[in-house]
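Look at the model shown here.

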Amino acid sequence: TTEIYTLSLHDALPISFNYNDLKNDASDAYLNFITMTKDALDKIFLTTVITRDFQGTEVMKIDPRIVHNEETNMMEPKVDVDFLVQTRKNVTLDKIKGQLIRSLRNSNFTMGKAGLITSSSNMSDFSARGKKNKTSCA
């Protein structure tokens, strides 16, 4: 069986991308962002204890927006990323989230070449917003 979970990572900072380009889903920047984010998520999960059951991720949607940073009192670009995680066996959603959070903490909340920086405060958003939309496929 294959199990698929839908997860969201909220308020990531896209450091190497132009915010306006990320709003256009036909732009090269948008497609590159999706590809690099998927590659970074795959690499994260391939270095965890679920690596033998992991079958891949797919970025389903990004939502670039401008938000107010209360610490700096300035507006800054952020991106929400909705993605699927596919596993071979019965790997729980809590285990998937735990492995992702642990990997992000170990990498100082950066996602490789994806040009994304998350923050520890976003981990509670991530944990709370993971959806247990599990579907089994033969």
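## Two packed helices

Helices α2 and α3 pack with their axes 9 Å apart, at an angle of about 100 degrees. Because angles of 65 to 115 degrees count as roughly perpendicular, α2 is roughly perpendicular to α3. Axes are lines fitted to C-alpha atoms, for helices over the stretch in contact, and angles run from 0 to 180 degrees between N-to-C directions. From α2, the contact uses L41, I44 and F45. From α3, it uses I96, L100, S103 and L104. Contact means heavy atoms within 4.5 Å.

This is a predicted model: local features need pLDDT of at least 70, side-chain atom pairs count only at pLDDT 80 or more, and totals for chains, interfaces and linings use all residues. Residues are numbered from 1 along each chain as its sequence is written, and side-chain values use heavy atoms, with hydrogens and water left out.

## The core

Which residues have the most contacts inside the largest nonpolar core? They are F45, I62 and F83, in a core of 27 residues. Two or more residues come from each of β1 (2-14), α2 (28-46), β2 (54-69), β3 (74-87) and α3 (93-106). Helix α2 gives the most, with eight residues. A nonpolar core is a set of buried Ala, Val, Leu, Ile, Met, Phe, Trp, Tyr and Cys residues joined through side-chain atoms within 4.5 Å. Buried means under 20% relative accessible area, with a 1.4 Å probe and protein chains only. In soluble globular proteins, nonpolar side chains tend to be buried together.

N69 lies in strand β2, and D80 is found in strand β3. N69 counts as buried because its relative accessibility is 17%. D80 is buried too, at 12%. Each takes part in a polar contact (N or O atoms within 3.5 Å, one able to donate a hydrogen and the other to accept it; residues adjacent in sequence count only if both atoms are side-chain atoms).

| Side chain | Partner | Distance |
|---|---|---|
| D80 | side chain of R65 | 2.9 Å |

Leaving out residues up to four places away in sequence, N69 touches M74 and E76.

## The whole chain

The chain has four helices and five strands. Helices (H or I, at least four residues) and strands (E, at least two) are DSSP runs, numbered from the N terminus. Along the sequence, the pattern is β-α-α-β-β-α-β-α-β. Of the 138 residues, 48% count as buried.

Technical notes. Buried means under 20% relative accessible area, exposed over 50%, partly exposed in between (1.4 Å probe, protein chains only). Angles under 35 degrees count as roughly parallel, over 145 as roughly antiparallel, 65 to 115 as roughly perpendicular and the rest as oblique.
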